[in-house]
Amino acid sequence: MNIQENISLKSYNTFGIDVKARFFIEINGLAQLQKVLELEAYPKKFIISGGSNMLLTKDIDALVMHINLKGITVVEEDEDEVVVKAMAGENWHELVLWSLDNGYGGLENLSLIPGNTGTAPIQNIGAYGVELKDVFVSCSAMEIESGNLIAFDAKDCEFGYRDSIFKNDAKDKYIITSVNLKLTKKNHDLNTGYGAIEGELKQKGIVYPTIQDVSNAVIAIRQSKLPDPKELGNSGSFFKNPVISKKNLEKLKKVHPNIPSYSMDKDQFKVPAGWLIEQCGFKGKRYGDAGVHEKQALVLVNYGNATGGEILELAQLIHQEVDSKFKIRIHPEVNIIK
Ligand code: EPU
């Protein structure tokens with residue numbers, strides 16, 4: 001077993017934070033994963049996959065297992081639909097491109113989301129009106145304690161907005177090894193209602209979009225305001241959009257008449273955290289190598305050598321300012337490793 005020591009994790013997390021793993025191993029197969037979990041010499045274990053939703057604030061004094069399980073297969077198929085099984089280590093966007101190449105619909109709105117397939121269910125990734133849960137059938141996860149593979153269907157996963165059982169009761173207990181998704185082969189259910197997509201298609205003169213057109217539109221929108229982690233370290237939206245009551249929203253509107261909001265149900269409203277942060281004056285601000293992206297205030301960035309602690313300090317400052325200006329507490333979407 002090739003266990004390495006004192007390995008930098010800078011290239012394994014999209015924030016590009018340079019912390020070290022005391023021990024490190026690449027996981028390439030399920031049997032190997034089971035064996036590694038049994039290793040008593042390394043009682044502390046830490047899982048890293050695409051590293052796109054974590055902020056590392058210190059060296060990891062554990063055996064870091066990099067999930068590199070690969071493979072995409074069709075496991076069920078009829079005339080209309082197909083169930084695709086993707087192993088956890090498959091890059092998410094590569095999977096989206098593979099589905100488009102095969103003419104399968106369902107993932108186009110989720111184009112260009114950083115990270116790997118195995119972590120997609122943990123936070124129920126979502127963008128432009130679609131969430132993973134809309135195409136999710138099940139996932140397979142290895143129980144860390146026993147090494148047993150357990151199947152979770154959509155109901156078991158308890159999906160919510162950027163939330164699932166893997167962030168709650170099942171946190172740190174399982175390693176997701178593969179995900180099954182149901183995609184359409186024809187009569188694709190296109191989701192272009194999200195403002196920016198419609199505008200992008202219109203601008204290109206596309207009236208009857210294909211799944212490829214929708215994907216291209218999403219890619220163009222994302223590239224216009226979200227930084228590419230390969231060029232500028234980041235973890236996508238750092239905070240979740242807060243959900244507030246109607247009463248609270250009405251109170252806020254008296255002082256901030258322009259506050260944007262999206263109704264969730266008759267009493268609950270989502271407020272874009274990016275707007276709240278921008279109103280506090282943080283958009284485009286830089287503190288050493290930690291900063292707030294100039295085009296999307298919800299995204300914190302690492303200009304090169306920021307430490308996780310510096311990014312965290314900035315996040316805490318933003319949290320405080322938003323709370324004092326709007327009396328709204330915003331919570332990180334990113335998993336902070338302290
Ligand atoms: N806004 C501002 N200033 C900003 C950013 C946003 O005023 O700097 C306001 C604008 O009013 C804008 C609204 O916020 O119309 C919404 O902005 P945007 O469409 O960029 O979406 P978001 O709510 O900021 C969410 C997701 C993104 C996802 C987009 C598109 C969360 C936490 N984030 O962002 O997901 O790509 O919608 O669907 O729900 C991610 O999770 O990493 C991520 C990038």
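## Domain 2–domain 3 interface

Glutamate 333 and arginine 162 form a salt bridge (a side-chain nitrogen of Lys or Arg within 4 Å of a carboxyl oxygen of Asp or Glu), with the closest N and O atoms 3.2 Å apart. The count between domain 2 and domain 3 is one salt bridge. The side of domain 2 that touches domain 3 consists of one nonpolar, two polar and four charged residues, where Asp, Glu, Lys and Arg count as charged, Ala, Val, Leu, Ile, Met, Phe, Trp, Tyr, Cys and Pro as nonpolar, and the others, Gly among them, as polar.

The model is predicted: local features need pLDDT of at least 70, side-chain atom pairs count only at pLDDT 80 or more, and totals for chains, interfaces and linings use all residues. Residues are numbered from 1 along each chain as its sequence is written, and side-chain values use heavy atoms, with hydrogens and water left out.

## Domain layout and buried area

An automatic or database domain assignment divides the protein chain into domain 1 (4–67), domain 2 (72–225) and domain 3 (233–337). The centres of domain 2 and domain 3, taken over C-alpha atoms, are 25 Å apart. Seven residues from domain 2 and eight residues from domain 3 take part in the contact, defined by heavy atoms within 4.5 Å.

Between domain 2 and domain 3, about 720 Å² is buried, carbon and sulfur atoms giving 41%; buried area is the accessible area (1.4 Å probe) that two parts lose on being put together, summed over both. In domain 2, Tyr161, Arg162 and Lys225 lose the most area to domain 3, together 67% of what that side buries.
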